[in-house]
Each structure stands twice: as structure tokens, then as C-alpha cells.
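This report is meant for someone meeting the structure for the first time. Please look over the sequence and the model before reading on.

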Amino acid sequence: MALMTWRIALQLALSGLSVGSIYAIVALSLAIPFKASRVLNFAQGELVTLGAYIGLVLTSYGLPYPAMVPATLVIAAAFGILIERLFIRPIVAAPEFTLVIATFAIGLIIRALIRIHWQDNVFFLPAPYAGPAVPIGPLRANPSYLVIIGSTAVLVALLVLFFQRTRLGKAMRAVAFNETAARLMGISVNRVFGSAWALSAAIGAVAGLLLAPVVGINPELGHLILKALVAAVIGGFGSLGGAVFGGLLLGLLETYAGAMFGAALKEIIPFGILIAFLLVRPQGLWGATQVRV
Amino acid sequence: MTAIRLAHAAIAAAALFALALPLFGSSYHVYLGELILINIVAAVGLNLLTGNCGQISLCHASLMAIGAYTTALLTTRAGVTYAAALPAGIVVTTLLGASLSYPARRLSGLYLALVTLGFLEVVSIAIEEFSDLTGGVRGLKLVKPELAGWPFGTNTLYYFVLVVTALAVCGGWNIQRSRYGRAFNAVRQSAIVAQALAIPPGGIKLLAFSIAAAFAGLAGGLFTAVVGFIDPTEFDISASLRQITFIVVGGLGSVVGSVVGAVVLTLLPEALRGAKEYGDVVYSAILLGALVLAPKGIVGSLASLHSRRRAAKDGLP
């Protein structure tokens, strides 16, 4: 790649990291309920979309940005609890097929309802930080990208604190480790499941709000769940650190591949990685090896 | 006993109705009938894989797309007659399905769902990228199909689809009751036990996937002849979910269930014509409701109702 100077390479790294950060956030929001209840939420992409639209509605009611963000997260978390309580809890012990298809159906319903109400229009959410690119040394950075990367770092730090220090975080880890033992220790497993879904929906909404000023709000926003799934597979399902690493790695790979070989390959690469990983190392880079029977 | 006789009478009535449809129905009714038949073919194949063998497939719609595009390209670009292009489409779909399933035969559950989801995405990207060949997002218009130089009229096409569907349903019925069908059920219930009984789970899954792919390829090939126009949105994830809805609502693991599900759920949107944009919502809500409230589906629920009645009559608990 003689054509690629180190400056272009760094510039690409910056945009790759920001795309990867989004993947990482969504992958995290997939991994948290999966770790707690072994349910992979295929509707998570639509929860990202929903978060963006909630932000849009609140903004249209005149809520300023600093108040809109926490309000959006709270509403999204309530949605997460609602979905868990209404649809997931009755079938949490059902076969995997039921859970996969049920979460898919939930996602399809949310997307279809959004499309009915807002059609295929693209909305832009005004963010106070959006503006022209700022120079950082020899590079130029879109402030939205910097905010995405920064927010992801803060989010990951907060999650680490949450899982290490708080009672609820420790309870979630206990349930993930051994549900029966956790129940015997007096942990309310149902409450943990509900909290995991609330947390995951709120994190999804963070991704939606971060994406909104960059790509615009549209019903297909949730399509990025596919990339997040790839990221989660790379990291190994249920490994939160793996999810973040997988997201960042995928963002970088995709950006460099797109710059070098064109858009078509950029689209194909994530699925090539997905299929290769599932066939060769389904437990991901960090997942524990399972005995295969 | 009466319930069995009732079921036979219902099947006979349905067959008569299907045969007589072009005599009294409008051309739109005939078209709708053809769509139902195609959905039946796709559902029967998917039900063997998912209902009997227990394997999740989210890419049944893309297998159908492969069958449809192969048949369409052979007839429009290569000038092959429909009679040869339809089997060719089935063969290509089966081979592609098998080549996806061969490496994935050790996977199941969630991981299989992810692989098939990835495959779905790759197929739709491929259709859009190779737009010179496939027409991309603008779709592909087809020549009117003809069988050995004899063009199809509306009614002959209907009867052709009806006969092919009847053969496919009989085939699915026989597969399900053959030793392979029982092996599918064994693998679903416990791969370990199946292995102990000298049933190779990997090989059986590969077989189930290939058979399902063949049905999907056939459905796709018929679809091109009936609709005359294909584009990638016909074969996206919501199409896969619709086919899954057919078998979940009809009854998993039952050929009759596939047929009932396909008929009911193809007609349903027609009954709700006024609320067309709610199509996806209604489908998904039905799917979700069926999964949560009636996981056995229509046929399974009727069957268990029947056996409970009989048990009550015989004085069993």
C-alpha cells in the first residue's frame, strides 16, 4: 500500500475506531442480557432505532439536549423492562428456536410501527457538539466521531464500575455464573433479568443517540445489529471485554478494507468473518471452550 | 374416530376446492391460489428442517431467491425452456444449501441462526452487487414461461403449480414418515441419543438442510412463473420470518400444519386489505402470540384437544 501515507492510515484509524465504537456499544447491549439469561435479543437493533426516535420526539417537545439524553435513556430502559416482562419472561425456558424467532418478531413489529408512523424519511437530531471538523495535530476529526469514541470509553468504564462495585452488578454476575446458586443466595433472578434488559435497552439508546447526528434517523438504523452480532461473535458471546474488542476490530477492518478494495468488499467482509468464526471458533476469541457433544 | 373422518373429509373438500377454483374464481383468485400453493411448498420444506430436525434457518427466503433467480436467469438470459430451468433451479439451490450446511452441520441453535442470517445477508448483497446479471434492486422482469414450446395460460399455469405442489406435499409427507424423517425427529430430540442409535446427526442435518433447500428452490422457480417479476425485497428477512410464521402457526413438525399455516396466513392479509401497511405488524404479532400462547400451532392444538377429549371419554386421567 504505497499509496497510503501514514496520515491517511491514521485518519482511517480514527473513523474506523468511531464506527467500531458504535458496534462495540451495540455488541455490549447484546451481551448483557445474553450473559444473564442466555437470550440473544435479535430486536436489539430496533431498540437502537427506537432510542434515536425517542430522542427525536423529546427534542420536538422542546427538551434541551442535556435533559433529553437522560430522559431518552430512562424511557428506553422502561421499554426494555416492558419487553422482558411481557414477551421474554413467559418463554425464557423455551427452546432456543422460540427465543430467536420471538425476539426477531419483536424487532420486526417495532420497525414496522416506526415505519408506519414516520415513513422512510431521514431526520437529523441537532447535537450541540456537531460542527465542522477540528484539527488534531496533522489529522482532521469530525467532532461527532470524537464524541462517539469518548462516550464509548466512558460507557465501558461505567459498566466496569457497575459490575465490580454495585450490588445489582454483582447480582447480575452471580446469576450469569450460576443461576440456581444465585437464587439460593436470595438474589431475585427475575429482577436481575429485568434489570439486564433495562440496561441493555438504555445502552442501545445511547448508540442510537450517538448515531443520529452522523447518519440521520431512519427505520433501517437497526440494521447495524448484524455488525454488532459479528462483533459479539469475534469477542465470544457473553464476554463484555470481547464484545468491545470485537466491535473496534470490526470497525477498523471494515474501514481499511473499504478504503483499499472498495465498497462491495466492505459489505461482504463482516459476514465472511462471521461465518469463518462460527465454523472455526464459535466460542470467539475469549469465550470458554465448550465440550462438543 | 369421528375426528379422523372429519380430518379426511376436510382434506378431500380442500382438494376439491383447489381443483375447482379456476371454474368459479376470478383471475385474481387463481393468482392468490398459486401464491398459496407456492407458500405451501416452501413451508413443507422448512417444516422438515425446523419442525422435524429442529434446526433454525433464517435463510429459507434466500434459498428461495436462489431458485427464483436461477430459473429466471436461465429462461431470460440463456433461453432455456422453463421445463428445464425449474429442475436446474432446484439442483443449484440444493447444492448451495448443502454447501452452506456442510460446514455448519456441527452447529445448532443460536449459532446456526447466526450463520443462516449471515448467509441471508450475503445473498441479498450479492443480488444487489451483481446488478448487471440480476437487475439489482430494480428487479428482473421475466418472459412468459412455456413448457416445451407450449405457453402457459392462466389456468394451465394454475393446474401445473397445483400438480407440482401436490407432488411436493406427498414427497414431504413420505420423507417425514420414512426412516430419514424419524431420524430428523431423533436428532431434534437428542443428538446424543440419535448418535447412540447409529444415526449420524451431522449427516442427518445436512440431509434435512438439502431437502429444505430443494423445496425452497422449487418454490422460487414456481414463484418466477407465477409472478413474472422478482426483486430482492421479496426474499429479505421478513420473508424468512413469514415462512417461519407459516409453520409455527400451522404446527411444527407436521406436513398438514405447514399446509394449514400457509393457507391461513396467505389469506389473512387479503382479509385485512384495508390495513396493508400493517402487514408486517400483524404477521409478527401473530408469530409472537403463537410462540407465547400456542407453541403447538393450529394442528398440534387440535390434535391434543382431540386426544384429551378421547381420554376424557375413556375415563383416563
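## Basis of the description

The structure is a predicted model, in which local features need pLDDT of at least 70 and side-chain atom pairs count only at pLDDT 80 or more, while totals for chains, interfaces and linings use all residues. Residues are numbered from 1 along each chain as its sequence is written, and chains are lettered from A and ligands numbered from 1 in the order in which they are written.

## Where the chains meet

Between the two chains, 31 residues of chain A are in contact with 32 residues of chain B, contact being defined as C-beta atoms, placed from the backbone, within 7 Å of each other. On the chain A side, helix 4 (96-118), helix 9 (225-235) and helix 11 (263-280) each supply at least two residues, and helix 4 of chain A gives the most, with 14 residues. Helices here are DSSP runs of H or I with at least four residues, and strands are runs of E with at least two, both numbered from the N terminus.

By class, the side of chain A that touches chain B has 28 nonpolar, 1 polar and 2 charged residues. In this scheme Ala, Val, Leu, Ile, Met, Phe, Trp, Tyr, Cys and Pro count as nonpolar, Asp, Glu, Lys and Arg as charged, and the others, Gly among them, as polar.

## Helix packing in chain A

Helix 1 (residues 6-37) of chain A packs with helix 9 of chain A at an angle of about 70°, with their axes 8 Å apart; the axes are lines fitted to C-alpha atoms over the stretch in contact, and angles run from 0 to 180 degrees between N-to-C directions. Helix 1 of chain A is therefore roughly perpendicular to helix 9 of chain A, given that 65 to 115 degrees counts as roughly perpendicular, under 35 as roughly parallel, over 145 as roughly antiparallel and the rest as oblique. Among the residues that make this contact are A:Y23 and A:A27 of helix 1 and A:K227 and A:A231 of helix 9, and by class the contact has 11 nonpolar, 1 polar and 1 charged residues.

In helix 5 of chain A, the residues A:S144, A:I148, A:I149, A:T152 and A:L155 are buried, a term for 20 or more other C-beta atoms within 10 Å of a residue's own, whereas 12 or fewer is exposed and anything in between partly exposed. The buried residues of helix 5 pack against helix 1 and helix 8 (189-215) of chain A.

## A helix pair in chain B

Helix 2 (residues 27-52) and helix 7 (residues 154-177) of chain B pack at an angle of about 15°, with their axes 10 Å apart, and are therefore roughly parallel to each other. The residues of their contact divide into 13 nonpolar, 9 polar and 1 charged.

Within helix 7 of chain B sits B:T165, which is buried, with 24 other C-beta atoms within 10 Å. Not counting residues up to four places away in sequence, B:T165 touches B:L37, B:I40 and B:V41.

## Two loop residues with positive phi

A:R38, although not a glycine, has a positive phi of about 60°; A:R38 is placed in the loop between helix 1 and helix 2 (44-60) of chain A and is partly exposed, with 15 other C-beta atoms within 10 Å. For A:Q119, also a residue other than glycine, phi is near 55°. A:Q119 lies in the loop between helix 4 and strand 1 (134-136) of chain A and counts as exposed, with 10 C-beta neighbours inside 10 Å.
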